[in-house]
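Please view the structure below before reading on.

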Amino acid sequence: MKQNRIDQSGRPDLFTDVELCSDPYPFFEQLRAEGPVFVEPFHDVAIMTTFDTAMAVFNDASKFSACVGASGPLPPLTFVPEGDDITAQIAEHRPQMHCSDLINTYDQPEHPKARSLMLRLFTPSRLRQNETYLRELAERLIDEALASDTVEIVAELGNPFATLVIADLLGIPEDDRALYRDRLTGVPAPIGETSEEAYEQRPLEFLHESFTHFIESRRAAPTDDVLSDLATSAYHDGTMPTVIEVVRITVNLFAAGQETTARLLATALRILVEQQNLQTQLRSEPELIGNFVEEVLRLDGPIKGTFRLTSQTTQIADAELKAGTIVMMAIPTINRDPGRYDRPDEIVLDRPKIREHLAFGRGVHTCPGAPLARVEVRVMIERLLARTSAITLSAAHHGPEGNRRFEYAPTYLIRGLNALHLKLVPRDDLKAG
Ligand code: HEM
């Protein structure tokens, strides 16, 4: 949906203006300059623009419901909030709310139950096994990329990588994984297109079907694989989840972990092709790549906003938020808050407490996939740099120097390139033959 309406100060509507997507940072800077909480006029969303105000919301799940966590103000609420405590109204209308089957929209008591089941997949030993797989996979995908003249990072490298890594984490049998690579393309819905119809068109239906089959068959005849463990585990209160509850958890991982990781990889590589000195430095000092990934997450991470609904009237900084107010944690401005970070707009590889940004959120919904995403992107960059003598931008796709063209995801939720075409020059000593 394209709309270019502006407010009295000439600012566009963040939630519908596609043009903001190519560079949203000056816009978010302006909002922070207005104050730590900015109430935008188009949808009355209260935008948290600083680290401290965002933390106040992230850390108070009792007054901020995650029921709008997946989509914020679009589509609008299906009810009119009444009074200073709308907890009961949220409970009543939750089943009709958008994406109500995604864990990031759950509150007490469902959220901790589902989350504890999900965290069984993220134990240190499981992540170690998964890292072995993802290292081999990275080499295979780089083999494919080196075999062609140019590679498109999002569709050809990032998406298959992130998809197959999650498939491995879940223990999907090797023979079935090619199908997952084919079916899960991770195309984002356009900005404002949050209708059920747009949602249905995404590959979630395929995931629901295949995981229902996996979980039902493992419940009937458990083996010693990861899927059987998930299928036969009880909630921490001892009750058994239904099949659909387990299926939702698995589907959530693909929905949340695929596109984010692929876009982060593309953003990181765009920086490295545009800053060749940095590329040279990381090729000779690969131990700094982990810190580089943290700074990319902070400076230009793949999530622009996470959302909450104020369930009880409350105060944040100088703003009174009535029950029913939608709140946005505007990650692009929070992570560049000068009150929190020195030189906020620069990549600083030796920044103190470099992992303490909010790209993965904070509080009870903080991203469980963060360790996985970090390893994936670090390993892929390590291996790409180790196996090439140069990585450059394809001028045929992005235009000549001084007149480059890039397209960004047309949505207020995700930040990232739609495509990044690169030329990989294999290292002479590693060339075949
Ligand atoms: C660079 C990559 C990623 C970024 C920047 C990212 C960011 C985030 C953020 C900001 C949240 C919090 C949302 C909120 O507070 O409302 C979140 C939640 C979540 N993420 Fe990630 N994520 C990434 C990768 C992943 C991966 C790889 C997985 C899984 C394989 C994953 C699974 C999830 C899940 C399931 C939630 C919901 C957790 C809950 O509600 O308890 N994410 N992510």
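A polar side-chain atom of Arg308 lies 2.8 Å from an oxygen atom of the ligand. The model is predicted: local features need pLDDT of at least 70, side-chain atom pairs count only at pLDDT 80 or more, and totals for chains, interfaces and linings use all residues. Residues are numbered from 1 along each chain as its sequence is written, and side-chain values use heavy atoms, with hydrogens and water left out.

**The ligand shell**

The ligand has 28 residues around it, and His111, Arg115, Arg308, His365 and Cys367 come nearest. Here a residue is near if one of its heavy atoms lies within 4 Å of the molecule.

| Residue (polar side-chain atom) | Ligand atom | Distance |
|---|---|---|
| His111 | oxygen | 2.6 Å |
| His365 | oxygen | 2.7 Å |
| Arg308 | oxygen | 2.8 Å |

Which elements supply at least two residues each of the shell around the ligand? They are helix 4 (110-119), helix 11 (243-274), strand 5 (305-310) and helix 15 (370-387). Helix 11 gives the most, with six residues. Helices (H or I, at least four residues) and strands (E, at least two) are DSSP runs, numbered from the N terminus.

By class, the shell holds 17 nonpolar, nine polar and two charged residues. Ala, Val, Leu, Ile, Met, Phe, Trp, Tyr, Cys and Pro count as nonpolar, Asp, Glu, Lys and Arg as charged, and the others, Gly among them, as polar.

**Helix 15 and its partners**

Helix 15 also packs against helix 11. Their axes, lines fitted to C-alpha atoms over the stretch in contact, come within 10 Å and cross at roughly 40°. On the helix 11 side, the contact (heavy atoms within 4.5 Å) includes Leu264, Leu265 and Leu272. On the helix 15 side, Val377, Met380 and Ile381 are among the residues. This contact has 10 nonpolar residues, one polar and one charged.

Helix 13 (residues 289-300) is another partner of helix 15, at an angle of about 125° and with the axes 9 Å apart. These two helices are therefore oblique to each other as well. Among the residues that meet are Ile289, Phe292 and Val293 in helix 13 and Arg374, Val377 and Ile381 in helix 15. By class, there are six nonpolar, one polar and four charged residues in this contact.

Technical notes:
Polar contact = N/O pair within 3.5 Å; in protein donor to acceptor, adjacent residues only side chain to side chain. Axes fitted to C-alpha atoms, helices over the stretch in contact; angles between N-to-C directions. Parallel < 35°, antiparallel > 145°, perpendicular 65-115°, else oblique.
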